[in-house]
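Reader: I've got a model open on my screen and I'd like to learn how to read it. Can you walk me through some features?

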Amino acid sequence: MGKIPVLEQILKAGLPKLSEELVKDPEKLVWRDAKGGLAKKLEIDNAKLKRLRKSEGDINILYWLQQEKRENICLTDELIGWFIQNGILPKDLAFIHDRMSYVQIKNYLVRQKEDEEDSIHQVLTTWKDYLSMAKRVKMNVYDEIVYRVSKLYQRHEELVEYIQKNQLSVTAGELEETYPYINDILPELQKKYEYSNKTYAILAPKSIKDILEEGQALHHCIDKKKEYFERINNQESYILFLRKTKQPDQPYYTLEVEPGGVIRQKRTEYDRQKKDIEEASEFLRKWQAVVQKRLTRDDVTLAEKSREIRVESYAEMRKKKVKINGGLFRGQYLADILEADLMEIPDTVKEAA
C-alpha cells in the first residue's frame, strides 16, 4: 500500500476490483496527491465515484469516468460498457475524437464491421492506420468525406497500394514538412557547386526526391538517415552527385560536402569506396579550387561553423567510442572512418582563392 497512498481509501470505499488490480499493478492508476476526498484524488467527482462503486468498477471504468470529468460530458453506462467490452479506452480514440463524438465513433465502427470478420478493435486499428496514411499523402483528414469514409477497408487498401507505388514521393513530402528550408536551398546549389570536365561532373539535386532516388540507386544510407536532410536544412552540409560526364543520369558517387567545399564523404554502391575514386581525386581538387572562387562571405561563415560542428562531433564520437555495427566497416570506430574519407581544402587552393 506504500506505493499508492490512496489504495486504503479505495478499499474502504467498497471498490474491491479496483483495489485488487492496483495491488497487482500500481502503475495503472494516475491519481492526484491533493487534499480532499477520494473522488478528488481519483480526478472524478462524487457522483462519478458513486457510479464507480455501483458498477463495481475496475480501472477501465475509472479511465472512462475520468475522461467524462475532463471533457465535462456524461456517457451512458451502456456506451462505456460497449467500449470496454471491445477493449477500447479513451486514449485509443484520441486520433479521431476531436472530430466525432463517442456515440458517432461507436456507430461508425459498428457500420464498418458489418461486412468484415475483424473484431471491433481491429476495425478501429484499420481506421487509425487509414487516417495516418491519408495524412502522409496530404489528404485533408479533417474533411468528413475523408475521416468518415464510407468504405473504410476499400480506401485503406487503395492507400496502401498508392503509397507502395509512390513511396519516394510520399517520403519526400514528409521530409519537406519536417525540413522546410531544403526546397529553397537546393536550387542555389546548382550555380555554386556544379562543375564538369570531359570525364567527370558534379551535379546538385533539384529536389529531395532526387536525393532519395540516389540513395535507392546506390543502395547506401542517404535515403534512410534523416540527419543528412537535417544538415542540409541547417546548411551544415549538402548532398552532391559525382557522375561520369557522358553518363550524367547514372548514379556514380554521392558526396557530402560542407559549404566551403570540404568533402566529408564520398560513397558509391552499398556505402563503399572503390579504387576509381582515386582516379577522380584530381578532378575533385580542381572542383574545390573552383568552388573557393564562388564563395560569398555568408558561405565562408557557414563553412567555418560547419567545420566547428564536425570537429566537435568527431571528438564526441571518440569520447563515446562509437563503432560501426554492420557493413564493410563493421567494428571500426566511426570517427576514424569519417576522418579517413575527409577531403579538406589544401592550403595552396586557399591561397590561390
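Author: Let's start with one side chain: Glu174 is partly exposed, with a relative accessible area of 27%. Buried means under 20% relative accessible area, exposed over 50%, and partly exposed in between, using a 1.4 Å probe and protein chains only. Before going on, note that this is a predicted model, where local features need pLDDT of at least 70, side-chain atom pairs count only at pLDDT 80 or more, and totals for chains, interfaces and linings use all residues. Residues are numbered from 1 along each chain as its sequence is written, and side-chain values use heavy atoms, with hydrogens and water left out.

Reader: Where does Glu174 lie, and what does Glu174 touch?

Author: Helices (H or I, at least four residues) and strands (E, at least two) are DSSP runs, numbered from the N terminus. Glu174 belongs to helix α11, residues 167-178. Contact means heavy atoms within 4.5 Å; not counting residues up to four places away in sequence, Glu174 touches Arg136 and Lys138.

Reader: How do I read a nonpolar core, and which residues touch the most other members in the largest one?

Author: In soluble globular proteins, nonpolar side chains tend to be buried together. A nonpolar core is a set of buried Ala, Val, Leu, Ile, Met, Phe, Trp, Tyr and Cys residues joined through side-chain atoms within 4.5 Å. Here the largest core has 51 residues, and Ile10, Phe83, Ile105, Leu109 and Trp127 touch the most other members. Helix α8 (residues 120-136) gives the most to this core, eight residues. A second, separate core has 38 residues, including Leu189, Phe229, Ile232 and Leu295.

Reader: What is Leu109 in contact with?

Author: Leaving aside neighbours within four places in sequence, the contacts of Leu109 are Trp82, Ile88, Ile120, Val123, Leu124 and Trp127.

Reader: Now the sheet. What is the strand order?

Author: Two strands pair if DSSP finds at least two bridges between them. This open sheet of five strands runs β1-β2-β3-β4-β5, with antiparallel pairing. At the edges stand β1 (195-196) and β5 (263-267), each with a single partner strand, so one side of each is left without a neighbour in the sheet.

Reader: How many residues are between β1 and β2, and how many bridges join them?

Author: β1 and β2 form a hairpin with three residues between them. Two bridges join β1 to β2 (residues 200-203), antiparallel to one another; Tyr195 has Ile202 in β2 as its bridge partner. Going on to β3, there are four bridges from β2, again in the antiparallel sense, and Ala201 has Arg243 as its bridge partner there.

Reader: Which helices lie across the sheet strands, and at what angles?

Author: Axes are lines fitted to C-alpha atoms, for helices over the stretch in contact, and angles run from 0 to 180 degrees between N-to-C directions. Helix α13 (residues 208-218) lies across β3 (238-244), β4 (253-257) and β5, at about 55° to β3. Helix α15 (residues 276-294) lies across β1, β2, β3, β4 and β5, at about 50° to β2.
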